[in-house]
Amino acid sequence: LEALERRYRVQPNSFAPRRIGDLLSRVDVVPESLVLAQAAKESGWGTSRFAREGNNLFGIWCFTEGCGITPKARAAHLAHEVQRFDAVLDGVRYYLRMINTHKAYQSLRDIRADARRANTTLAGDLLAVGLEHYSERGLAYVREIQSIIRYNRLNRFTDLRHSA
């Protein structure tokens, strides 16, 4: 339990039910539809330089020199790189853990927890509302992700898994 708490950045608490509840809110799934839509958007449907050369489908940044690929159009006042991963799976795992732990996505986790309490399907277009801080475009980004999910009927992948 302690190892999972460290991995998912949950503050230790001596009250076991609270510890487990806090951990479950961070270890829960991210709907396939949301993952697919963001990967498509951030990687240009798998064609971006960062996807091809760095196995990074999600445009994840890093801030240590040499940690990734320097964007060609990076503004002079910025110092980030786009994280390089050894394999696509490593990038996907990093993305999932980031969504489940970073404070910027707390609202996504809250929406997901509410859906769990209501015993409803975890719809990617609903959880996308919690991604307002993923892009500097804010709500416009959220709407674009929702549009990708709806236009491509990506919720069918989430629905398929839950109907089995």
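Me: Taking buried as under 20% relative accessible area, exposed as over 50% and partly exposed as in between (1.4 Å probe, protein chains only), which is Tyr 95, buried or exposed?
Reply: Tyr 95 has a relative accessible area of 0%, so this residue is buried. Bear in mind that this is a predicted model, in which local features need pLDDT of at least 70 and side-chain atom pairs pLDDT 80 or more, while totals for chains, interfaces and linings use all residues. Residues are numbered from 1 along each chain as its sequence is written, and side-chain values use heavy atoms, without hydrogens and water.

Me: And what about Phe 58, buried or exposed?
Reply: Phe 58 counts as buried too, because its relative accessibility is 1%.

Me: Switching to rings, how many aromatic pairs are there in the whole structure?
Reply: The search finds 5, where rings of Phe, Tyr and Trp (its six-membered ring) pair if their centres lie within 6.5 Å, planes under 30 degrees apart being stacked, over 60 edge-to-face and the rest tilted. One of them joins Phe 58 and Tyr 95, stacked at 3.9 Å centre to centre with 5° between the planes.

Me: Where do those two sit in the chain?
Reply: Phe 58 lies in the loop between α4 (49-54) and β1 (61-62), whereas Tyr 95 belongs to helix α5 (residues 88-101), 37 residues apart; helices (H or I, at least four residues) and strands (E, at least two) are DSSP runs numbered from the N terminus.

Me: Why is the Tyr 105 and Tyr 134 pair tilted?
Reply: Their ring centres are 5.9 Å apart and the planes stand at 45°, so the pair counts as tilted. Tyr 105 and Tyr 134 are both buried.

Me: Which aromatic cluster are they in?
Reply: Tyr 105 and Tyr 134 form one cluster together with Tyr 141.
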